[in-house]
Amino acid sequence: MNTPLSWIRDYVPDLQCTDKEYYDRMTLSGTKVENWTRFDHNCEKIVVGRVEEITRHPDADHLWVCKVNIGTAYAADGYNAENDGLNGSSENCIQIVTSAQNLTIGDVVPVCLNGGRVAGGHDGGPMPEKGIPIKSGKMRGLPSVGMMCGIEELGATRDMYPEAPENGIYVFPKDQAAELSLGSDAMEALGLHDTNFEYEITSNRVDCYSMLGIAREAAVTFGDKFVPPVVTVRHEGEKDTKDYIDVTIEAKDLCSRYVAAVCTDIKLGPSPRWMQRRLANFGIRPINNLVDITNFVMMEYGQPMHAYDYDTIHGKKIIVRRASDGETFTTLDGQERKLDKDVLMICDADRAIGLAGIMGGEDSMITDSVKTVLFEAAAFDGTNIRKSSKRIGLRTDASAIFEKGLDPHNAIAAMDRACQLMEELGCGKVARTYVDVHDILPAPRVIPFEPEKINAYLGTSYTEEEMLEVFDHLELTYDPDKRELTIPTFRQDLKQMCDLSEEVARFKGYDKVPSTLPKSSATVGGLTKEMKLENIARDVAMHYGFSEEETFSFEGPKVLDTLRYPADAMERKQITIRNPLGENFSVMRTQTINGILTSLGTNYARRNDNVRLFDLGKIYLPKSLPLTDYCDERPQLTLGFYGEGDFFVMKGVVEDFLKAAGLKDKAAFAKSAHPFLHPGRQADVSYDGTTLGYLGEVHPEVAKAYGIGARVYLAVVDLPALSPYVSFAHHFAGIAKFPAMTRDISMVVPKQVTAGEIEAVIAQRGGKILESCSLFDLYEGAQIRPGFKSMAYTLTFRNKERTLETEEVDKAMKKVLNGLQDLGIELRG
C-alpha cells in the first residue's frame, strides 16, 4: 500500500510533520511504514520560465539558442549582465542552448538554474545517486546558463505526465501556464513536492488498503482532525437505475452485495489536473475522466469499481453467477481465459461480460463512443477471488483488494463518491436511484467497555476518559448507559476486549506502557507424559546408533500400492488436501513406512553403509470420510536400518525401549501379516492384550521399489497405544547381599507355543524367589520331531533376605515344570 503525503493532507489538513516524523510516529502507532521516496529528490533550483525567443545555433543545425524569461528568479538567484548569457540585453531573461526540437515561442517550461541539480538524464535511465549538477558553460561557443528540463530529468515519467513529449522539454499545458508566475517553483507547479510512503499492512486491516483508512490512522496518531470528503449526489438523471437494468445474484454465497448505477450523457475527456496528480503520485497512469474516477475511488475508499458500456449489455440484465466447467472468456487484455465452476462471473442475459472482482470483458469495454455507463460496486467473497485469480493466472489491483474481504457497507459509499465526481466533473448525469441487491448485511459489532480489564491487560492506569478519547477518534460509538462500544463495520479487526486494548496502547504510545512484572500464579513447569515418552524413544534409538530424520506428513496415494496394501486396507482411507503442492503430496499419511524407506533408499543410492534411522512423526486417521470432525493424530516411533544387524537386533532395540518406558512385564511377539514385510520374518508386538506395533524384514519387492539392494529391517511402535502402560517411577535396588542359584532347563516345545507363553508360566510358578529367566538356545532341525522345537532357559533364583536352600529352588522348579507340561512341553533327555 502506497500513499502520497499530499493526499493524506487532503483529509488531515492540520497535519504538520517532516517525512521522518511521519515515518517514526506511524510505525510506532502500528501502521508500519516500510520506506518513503521524495518525488523531488535531487531536484534543486527548478523554476518556471517562458521561452521568449528561439534562433538556430550558427554552428550546429541540431541546437537552438533560446532566450528564457525566468521572472523573479533572475534577481533572486544573482543573475546580472555578466552571467545571464545575454549581457543584460533582456530583462529577467537568460540564454539557454538546447537540442530539444519541440519548443515554440511562448512555451512555459521548467528551468534548472545555474548551480541547480536535476534527478537524472533525459533518457529515463537509472537515476544517479546524487543527481546531475547544472552549471553555466558554453555549447559550440555560445554561453548557456541553465537548462530547460524534460519530465524524466525531474525524476518523473510519462506515465505520471501523459501530456509530456516522448523526447524533449516538458511544456506546461496552456491553461496551467496562464496561472503560473515566472520564476516560481516549477516542482510545486508539477506537484512533485511530495513524498510517497510505502506501508506493510496486515491482512486483517482491510480498511487501511485505502487513502481514507491511512488518513484516519494518521489523524489519530498525530491528534489532528480527520476530515473525510463530503459526498452529495444530485441524481440529475431522468429515470431510476432500475428502469435501465435488472440485477440478479444467483451465487449469493460468493456475492453479498451488488450496487449498480447508470450514468447517461457521457462526455469523455481528460480528468482535472488535481486528480491526475493524485493518481500519478500513487503510481496510476491517468487515462480519461471515466477511468480515472473509478481508479480514484478505488484508492480513496478501498472499493474496486467497474464501468460497463451500458449499450453492450444484452437484455438489460446483470446476473451474478458461477461459471461452467470449461467455459471460456476473453478479458479486457484480449486474453482468452478457461474457467471452472468456482469462478464468479458477471453476465448479461446472453453471455459473460466480466470476471467478478478481477477484470471486465472485451465485449463490454468502454470505448470513445460510449454514451451510457453502468457502474458496479460489489462485495465479493475474498477467498473465492483469491483462488480464482490464482487458477486463472490473472491478478489485478482490484483482485488484490477484493481478496482481503471487503465491508459490504463500503460499496454504497464508494458508489456515492463515484457518482458525485461524475457530476462535479461534468462527465454525465446520474440516474435518480441505484439498484442495490443484498441479503441481510452484517450489523456493527458491539463490545463491552471494560477499562479495568484493559488496564490490567496492558499494565497501565489510563482513565476512562483517556480511553474514550482514543475510541472517539477511531469513530467507535460509546453508550454510557450500557457501557458498550459500537464498532464501525469497516473495522473488521476489532472483535473483543484485547483488540480494544491494542488500540489504546497503539495511540497512547507503546513507549508509554510501563515496565511491570507479569501477574500470574506460580506454576511448576515440566514435560507432558507424551513428551517424556518421546524423549525415552529418542534416547534409546540414539544409544543404538540410529539418527533422527524428519519426513513430510503428506504423500501421494500411489505410495500404498508400492507398499503392497490391499484395496480394502484401512490405510487407504486418507485425508485429501484441498490445495496440494502436487500429486505426490496430496494426502495425509496413514503410515510412516514410506518416509523412512525413502530416506533409507536415498542413503543406499549414495553408497552409505550401515545406515540406521528413526522418526518420531504422526499418522492421520480420519474418523469418517468426508471429514466431519478432527482426525486422530497418532505419534509413531519408526525405526529402520540396513547393513549390520538382523531381525533379532531390531527386536532387541524394541524390547529395550519398552523396558525403558517402564513396562512391568515383557511384551509378546506374535506372527503377523503386514503386506510390506517378509511373510516369514515379521511379528506384531503386544502387551496385556493390546497391539503396540510390529517389526520385521521389509519384503524384497518393496525394498527393490525403493532402490535398496540389501535386507532392510523396520519397527513401528504406536505411542498412544503404549502410553497407558508407561511408568516413569524408577526404584533403586542395591547390590544383592546373598548369592543366587541358577537352573537350566531344555525343553521340547510345540511350535505353536510362543516364548511369551512359556515365560508367563515361569514367572507365575517361580514365586517370589524367581529373579529372572532368559532364553539361551532355540533349535529346529532333524534331531527334533516334526511340529516341535527345542528351547532352553536359564532360571535365576535369589532370596533378598537370606541364603537360599536347594530344597526351596527344587520346589519352585517342580511347580514350573508342572505348569509347562500343561502347555504340552516335555523336558529333553
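Predicted model: local features only at pLDDT ≥ 70, side-chain atom pairs only at ≥ 80, totals over all residues.

Reader: What makes V430 count as buried?

Author: Buried means under 20% relative accessible area, exposed means over 50%, and partly exposed lies in between, with a 1.4 Å probe and protein chains only. V430 has 0% relative accessibility, and therefore it counts as buried. V430 is placed in strand β22 (residues 429–430), where a strand is a DSSP run of E with at least two residues, a helix is a run of H or I with at least four, and both are numbered from the N terminus.

Reader: Which residues does V430 touch, not counting residues up to four places away in sequence?

Author: Contact means heavy atoms within 4.5 Å, and with those sequence neighbours not counted, V430 touches V233, H235, E236, G237, V262, C263, C419, M422 and E423. One of these, E236, is 194 residues from V430 in sequence, although their C-alpha atoms are 5.7 Å apart in space.

Reader: Why is G617 called buried?

Author: The relative accessibility of G617 is 9%, so G617 counts as buried. G617 belongs to strand β30 (residues 611–621), and it touches R589, R634, P635 and Q636 when residues up to four places away in sequence are not counted.

Reader: Why are α12 and α13 called roughly perpendicular?

Author: Two packed helices are described by the angle between their axes and the distance between the axes. Axes are lines fitted to C-alpha atoms, for helices over the stretch in contact, and angles run from 0 to 180 degrees between N-to-C directions. Angles under 35 degrees count as roughly parallel, over 145 as roughly antiparallel, 65 to 115 as roughly perpendicular and the rest as oblique. Helix α12 (residues 451–458) and helix α13 (residues 464–473) pack at an angle of about 90°, with their axes 10 Å apart, and that makes α12 roughly perpendicular to α13. P451, I454 and N455 of α12 meet E464, M467 and F471 of α13 in this contact.

Reader: What is the angle between α2 and α6?

Author: Helix α2 (residues 19–28) packs against helix α6 (residues 211–222) at about 95°, with the axes 10 Å apart, and the two are therefore roughly perpendicular to each other. On the α2 side the contact is made by E21, Y22, R25 and M26, and on the α6 side by I214, E217, A218, T221 and F222.

Reader: How do you know which strands pair in the sheet of five strands?

Author: Two strands pair if DSSP finds at least two bridges between them. The five strands form an open sheet in the order β12-β15-β18-β19-β20, and the pairing is mixed. The edge strands are β12 (246–249) and β20 (359–360), each of which pairs on one side only. Four bridges join β12 to β15, and these strands run parallel, with D246 opposite K317 in β15. Four bridges also join strand β15 (residues 317–322) to β18, but here the strands run antiparallel, and V320 has I346 in β18 as its bridge partner. Three bridges join β18 to strand β19 (residues 352–355), again antiparallel, with I346 opposite G354, and a hairpin of four residues links β18 to β19.

Reader: Which residues of β18 point one way, and which the other way?

Author: In strand β18 (residues 344–347), L344 and I346 point one way while M345 and C347 point the other way, and all are buried.

Reader: What is the strand order in the sheet of three strands?

Author: That open sheet has the order β24-β26-β25, with antiparallel pairing. Its edge strands are β24 (445–448) and β25 (477–479), each pairing on one side only. Three bridges join β25 to strand β26 (residues 484–487), and the bridge partner of Y478 in β26 is L485.

How values were computed. Residues numbered from 1 in each chain as written. Heavy atoms only, no water.
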